[in-house]
Amino acid sequence: MVFKAIRSRLDERLTTTEISQAELSRRTGYSESSISECKRNKHIMNVEVAKNIATVLGCGIEDLYEWKKKR
């Protein structure tokens, strides 16, 4: 089975964990503008960025996106 990431859930994860975008930036070392782009679906995070963000947010990489099965 193959999946495609269709929508970022980063904003939801930030809200759930009560971590601000600024705090996530500080804790990961990624700029706030990069995090904002991830939130707005400007690009799919590479696996390293996704792992680091997921670790700070206490979730799995797969929790950062809404997924759709591809045919």
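The structure is a predicted model, in which local features need pLDDT of at least 70 and side-chain atom pairs count only at pLDDT 80 or more, while totals for chains, interfaces and linings use all residues. Residues are numbered from 1 along each chain as its sequence is written, and side-chain values use heavy atoms, with hydrogens and water left out.

L10 also belongs to the largest nonpolar core, which has 18 residues, and L10, L24, M45, I53, L57 and L64 are the members that touch the most other members. The elements that give two or more residues to this core are α1 (10-17), α3 (32-39) and α4 (47-57), and α4 gives the most, with six residues. A nonpolar core is here a set of buried Ala, Val, Leu, Ile, Met, Phe, Trp, Tyr and Cys residues joined through side-chain atoms within 4.5 Å. Buried means under 20% relative accessible area, exposed means over 50%, and partly exposed lies in between (1.4 Å probe, protein chains only). The helices are DSSP runs of H or I with at least four residues, strands are runs of E with at least two, and both are numbered from the N terminus. In soluble globular proteins, nonpolar side chains tend to be buried together.

Helix α2 (residues 21-28) holds T28, a residue that counts as buried because its relative accessible area is 17%. Leaving aside neighbours within four places in sequence, T28 is in contact with I35, N52, I53 and V56.

We turn next to charged side chains. A search of the whole structure finds six salt bridges, a salt bridge being a side-chain nitrogen of Lys or Arg within 4 Å of a carboxyl oxygen of Asp or Glu. One of them joins D11 and K39, whose closest N and O atoms are 3.3 Å apart. This pair links distant parts of the chain, since D11 lies in helix α1 and K39 in helix α3, 28 residues apart. D11 is partly exposed because its relative accessible area is 41%, and K39 is partly exposed too, at 23% relative accessibility.

E23 counts as partly exposed at 25% relative accessibility, and R27 counts as partly exposed at 44%. Elsewhere, salt bridges that share partners join R7, R9, E12 and E66 into one network.

The last feature concerns aromatic rings. A pair of aromatic rings is described by the distance of the centres and the angle of the planes. Rings of Phe, Tyr and Trp (its six-membered ring) pair if their centres lie within 6.5 Å, and planes under 30 degrees apart count as stacked, over 60 as edge-to-face and the rest as tilted. A search of the whole structure finds one aromatic pair: Y65 and W67 are edge-to-face, with 6.0 Å centre to centre and 70° between the planes. Y65 is buried because its relative accessible area is 5%, whereas W67, at 40%, is partly exposed.

Technical notes
Contact = heavy atoms within 4.5 Å.
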